[in-house]
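Take a look at the structure below. The text after it walks through the parts in turn.

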Amino acid sequence: MNGLVFGALVGALFGLLVHAARRGRRDFASVSFMQPSRYDVVADDAVADEAVRLLAELPSGTGTDTSSGAGKGSHPRSGPAVT
């Protein structure tokens, strides 16, 4: 029991010293919103063509990349990149 109390006190003291030395600043930047720059879509061969068709129908500005050379029977299949 004494070891537990001693460890808690030493940990609190160490945390206080580190916090004071860094003047309360964090070593990371927080963000309120994250926006992905791209998505990877994974689909079974049975539904891959339908997935490509649905992605191609997305509103303008999402773009599709059909230059990956994905064709029937290619494994692994890479579909269009949505950006």
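Helix 1 lies largely in the open, because the number of buried residues among its 20 is zero. This is a predicted model. In it, helix 1 reaches 28 Å from its first C-alpha to its last, close to the 28 Å expected at 1.5 Å a residue. Just after helix 1, R23 takes a positive phi of about 55°.

Now go to the start of the chain. M1 sits in the segment before helix 1 (2–21). M1 counts as exposed because its relative accessibility is 76%, and the cut-off for exposed is over 50%. Together with L4, V5 and L9, M1 makes a nonpolar surface patch of about 490 Å².

Next come the charged pairs. Side chains of opposite charge can pair when their charged atoms come close. The model has three salt bridges. One joins D40 and R38, with the closest N and O atoms 2.3 Å apart. Both D40 and R38 are exposed.

Another salt bridge links R53 to E50, at 2.6 Å between the closest N and O atoms. R53 and E50 both belong to helix 2 (residues 45–56) and stand three residues apart, about one turn of the helix. R53 is partly exposed, with a relative accessible area of 38%. R53 also forms a salt bridge with E57, where the closest N and O atoms are 2.4 Å apart. Shared partners join E50, R53 and E57 into one network.

How far can the model be trusted? The protein chain averages a pLDDT of 76, and 71% of the residues score at least 70. Over residues 66–76, pLDDT stays under 50. Where pLDDT is low, the predicted coordinates should not be read in detail.

Definitions and conventions. Residues are numbered from 1 along each chain as its sequence is written. This is a predicted model: local features need pLDDT of at least 70, side-chain atom pairs count only at pLDDT 80 or more; totals for chains, interfaces and linings use all residues. Side-chain values use heavy atoms; hydrogens and water are left out. Patches are made of residues with over 30% relative accessible area and no salt bridge: like charges are joined within 9 Å, nonpolar side chains (Val, Leu, Ile, Met, Phe, Trp, Tyr) within 5 Å. Accessible areas come from the Shrake-Rupley method with a 1.4 Å probe; for residues, only the protein chains shown count as cover. A salt bridge is a side-chain nitrogen of Lys or Arg within 4 Å of a carboxyl oxygen of Asp or Glu. Helices (H or I, at least four residues) and strands (E, at least two) are DSSP runs, numbered from the N terminus. Buried means under 20% relative accessible area, exposed over 50%, partly exposed in between (1.4 Å probe, protein chains only). pLDDT is the predictor's confidence in each residue, from 0 to 100. Contact means heavy atoms within 4.5 Å. The expected span of a helix is 1.5 Å times one less than its number of residues.
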